[in-house]
Amino acid sequence: MTALPLPAAPIPIGAPLRPPASPLSRGPGPAEDARAIVREAGQHVSIILALPQGTQREVLRSLLPGLLAQAKPDVRVRILCTRHTYDRRLLHTIGGDGGPEVRLARLDPIEAVMADGRTALANLRAETGSQIFTTQEVLPVQALHTLFNSIWKKSAPLSARPDFSDRRRTRLVAEILGMLRVGATDEVAARALSISVRTYRRHVADIMERLDARSRFEAGLLAAELDMLPPPVERH
């Protein structure tokens with residue numbers, strides 16, 4: 001999966017990071033640090049959930065419901081997820097009017113929570129294992145804050161992502177979008193998906209209507225913004 005281009009920052013996300021020399025210490029571990037960051041936020045909380053699900057390195061996703069309960073009522077909460085880390089049932093439970101704003105994007109493997117652009121906890125996947133740090137130092141907090149805002153502006157609201165009801169249909173839609181991405185003809189795409197050309201064209205028309213796209217090209221762009229495209233096939 002190709003991540004979105006990252007903005008220039010003092011600390012490149014995705015490369016191994018060293019914890020700051022004087023990390024913020026609030027409690028016995030990252031869970032309490034994350035709760036304290038959200039609890040003390042006065043204006044906004046920004047959360048990135050982009051570590052593969054089911055890994056032992058996850059911290060924030062498992063804490064999310066209780067974590068968001070710490071936020072003050074007037075604090076704006078934004079969450080960036082990937083197609084693989086988005087949990088509709090979880091976010092529906094904590095969503096609703098006044099709930100967190102959620103967007104989907106393509107992201108490097110990272111978890112992070114930031115408050116007011118002044119405090120941050122980051123959980124990064126590295127070859128040597130998980131690297132977790134909590135800090136109030138300007139440079140790492142600024143790097144994470146800039147990264148979040150840059151990707152947020154390029155991503156689409158979750159409400160813009162059409163719901164194709166069942167998992168099987170969603171998978172087929174992703175495969176069709178993949179065919180549109182590589183410019184496959186209807187005949188080639190239908191044969192690869194083991195469906196008729198007529199059925200393939202009907203699916204394409206339905207996808208375009210749901211995405212409110214005026215062309216197949218525009219449908220591909222919108223699908224990329226909503227992180228609906230399948231990961232590219234690796235060639236050996």
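Colleague: Why is Glu32 called partly exposed?

Modeller: Buried means under 20% relative accessible area, exposed means over 50%, and partly exposed is in between (1.4 Å probe, protein chains only). Glu32 comes out at 23% relative accessibility, so partly exposed it is. Keep in mind that this is a predicted model, where local features need pLDDT of at least 70 and side-chain atom pairs count only at pLDDT 80 or more, while totals for chains, interfaces and linings use all residues. Residues are numbered from 1 along each chain as its sequence is written, and side-chain values use heavy atoms, leaving out hydrogens and water.

Colleague: What makes Arg39 and Glu32 a salt bridge?

Modeller: You need a side-chain nitrogen of Lys or Arg within 4 Å of a carboxyl oxygen of Asp or Glu. Here the N to O distance is 3.3 Å, and that makes the pair a salt bridge.

Colleague: How many salt bridges turn up in the whole structure?

Modeller: The search finds 8. One of them joins Arg76 and Glu101, with the closest N and O atoms 2.6 Å apart. That pair links distant parts of the chain, 25 residues apart: Arg76 sits in strand E2 (residues 76-81) and Glu101 in strand E3 (residues 101-104). Strands (E, at least two residues) and helices (H or I, at least four) are DSSP runs, numbered from the N terminus.

Colleague: What ties helix H6 to helix H7?

Modeller: Glu187 and Arg201 form a salt bridge, their closest N and O atoms being 3.4 Å apart. Glu187 lies in H6 (residues 186-193) and Arg201 in H7 (residues 197-211), so the bridge ties together parts 14 residues apart in sequence.

Colleague: Why are H6 and H7 called roughly perpendicular?

Modeller: Axes are lines fitted to C-alpha atoms, for helices over the stretch in contact, and angles run from 0 to 180 degrees between N-to-C directions. Under 35 degrees counts as roughly parallel, over 145 as roughly antiparallel, 65 to 115 as roughly perpendicular, and the rest as oblique. These axes cross at roughly 100 degrees, coming within 9 Å, so H6 and H7 are roughly perpendicular.

Colleague: Which residues of H6 and H7 meet?

Modeller: Contact means heavy atoms within 4.5 Å. Asp186, Glu187, Ala189, Ala190 and Leu193 in H6 meet Val197, Tyr200 and Arg201 in H7.
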